[in-house]
Amino acid sequence: MANSGGMTSPVEDVIVFQVGPIPVTRVTVVTWGVMAALILFAVFIRWKLRKKTPGSAQQVIEGMLSWLGDEIRGIIGREPGPFIPLVASLFIFILASNFVAFISSFFEVLKPPTADIKTTAALATVVFLSVPFYGIAMTGALNYLKTYVRPIWIMLPFNIISDLSRTLALAVRLFGNILSGEILFGVILSLVPFFLPLPLMFLALITGTIQAYIFAILTIVYIGGAVKVVEKHETEEKAK
Amino acid sequence: MTTEMLAIIVAGGTMAIGSIGPALGEARTAAAAMEAMARQPDLSGTITRTLFVSLAMIESTAIYCLLVSMLLLFKVGPLFEKAVAAS
């Protein structure tokens with residue numbers, strides 16, 4: 001590697017082992033670890049689920065889901081039922097992945113999955129595909145396609161470009177924020193190993209939470225753009 | 001001066017110049033949001049949500065600069081070095 005200070009390129013990753021022709025990198029292992037932990041947690045929550053006497057973990061999860069539901073109701077203006085699975089899964093997975101950065105600061109072996117462009121690109125692709133999915137499922141294919149020529153037909157290429165560029169921005173934003181936190185932490189740790197990294201770790205916690213929140217909110221906003229505008233148009237037509 | 005040194009200098013300049021705009025923009029956004037919240041405390045929930053989303057949007061400009069400087073440091077610099085060595 002042609003860089004100084006012993007820092008490896010953040011774009012490449014360590015290959016842990018190989019399954020046939022497919023190399024399995026560190027990020028893949030950590031991602032599967034996060035997924036396994038979340039599934040175990042979900043199974044645990046399901047097992048402890050009580051209707052009359054909810055435990056503390058159940059109350060936390062219920063509070064989070066009702067908060068997300070309120071956000072969805074506020075932005076889209078529909079009942080949050082169909083959107084909750086996607087948005088909550090994205091939020092919880094990104095939150096857990098960002099907190100791996102906090103653990104990795106101690107061990108230096110784990111890399112947060114969201115500090116890798118491939119993970120965030122995959123998450124952004126999910127959002128990119130879910131927008132037409134919800135648009136077509138809730139308003140019909142014709143009404144969804146009409147959103148592309150919404151103000152006037154001249155806006156068609158701009159709408160298409162906006163669809164693609166916001167997906168790129170979604171991926172790069174999450175990746176850049178988490179990666180910059182990691183790099184900053186590494187640099188400070190190599191300069192002053194005692195006490196000074198601590199505030200940066202708190203900053204990484206706040207950044208991770210806010211980025212997960214922003215990813216979820218932007219997902220709601222993008223889906224809402226495909227679902228909400230049409231409904232407003234319909235009510236206008238009914239008023240006529 | 002090798003191409004790699006040039007890449008490092010340009011990467012530093014990219015971050016330095018590229019973070020001025022987002023910093024000013026975020027400062028203006030936060031100031032405007034605080035003023036709005038002081039005027040209408042009832043709407044602080046909506047304002048905070050919009051503030052976070054717009055801050056993320058503004059911040060992505062700085063993130064693009066970070067990405068470009070990363071590419072310069074870890075991809076383009078060594079690539080140029082290889083190309084110069086090969087020719």
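Q: In chain B, what share of the contacts with a separation of 6 or more comes from residues 24 or more positions apart?
A: In this predicted model, residues 24 or more positions apart account for 87% of the chain B contacts that have a separation of 6 or more.

Q: And what is chain B built from, in helices and strands?
A: Chain B has 3 helices and 0 strands, and from the N terminus on its elements run α-α-α.

Q: Is it spread out or compact, going by the radius of gyration?
A: Chain B is more spread out than a compact globule, because its radius of gyration is 20 Å, well over the 12 Å that the globule rule gives for 87 residues. Along its principal axes, the C-alpha trace of chain B spans about 65 × 20 × 10 Å.

Q: How much of chain B is buried?
A: Of the 87 residues in chain B, 17% are buried.

Q: OK, switching to chain A: what's the order of its elements?
A: Along the sequence, chain A reads β-β-α-α-α-α-α-α-α, with 7 helices and 2 strands. Chain A has 240 residues, and 27% of them count as buried.

Q: How do β1 and β2 of chain A run, parallel or antiparallel?
A: Strand β1 (residues 15-19) and strand β2 (residues 22-25) of chain A run antiparallel and are joined by 4 bridges. Within this pairing, A:Gln18 stands opposite A:Pro23 of β2(A).

Q: What about the turn of that hairpin, how many residues are between the strands?
A: There are 2 residues between β1(A) and β2(A), and in this hairpin A:Gly20 takes a positive phi near 65°.

Q: Next, α6 of chain A: how many residues does it have, and how far does it reach?
A: Helix α6 of chain A, residues 156-191, has 36 residues and reaches 52 Å from its first C-alpha to its last, close to the 52 Å expected at 1.5 Å a residue.

Q: Which residues of α6(A) are buried?
A: The buried residues of α6(A) include A:Arg166, A:Leu170, A:Phe175, A:Ile178 and A:Leu179.

Q: Why does A:Phe195 count as exposed?
A: A:Phe195 counts as exposed because it has 7 C-beta neighbours inside 10 Å, and the cut-off for exposed is 12 or fewer.

Conventions
Residues are numbered from 1 along each chain as its sequence is written. Chains are lettered from A and ligands numbered from 1 in the order in which they are written. This is a predicted model: local features need pLDDT of at least 70, side-chain atom pairs count only at pLDDT 80 or more; totals for chains, interfaces and linings use all residues. Two strands pair if DSSP finds at least two bridges between them. A residue is buried if 20 or more other C-beta atoms lie within 10 Å of its own, exposed if 12 or fewer, and partly exposed in between; C-beta atoms are placed from the backbone. The expected span of a helix is 1.5 Å times one less than its number of residues. The radius of gyration is taken over C-alpha atoms; the globule rule is 2.2 Å times the number of residues to the power 0.38. Two residues are in contact if their C-beta atoms, placed from the backbone, lie within 7 Å.
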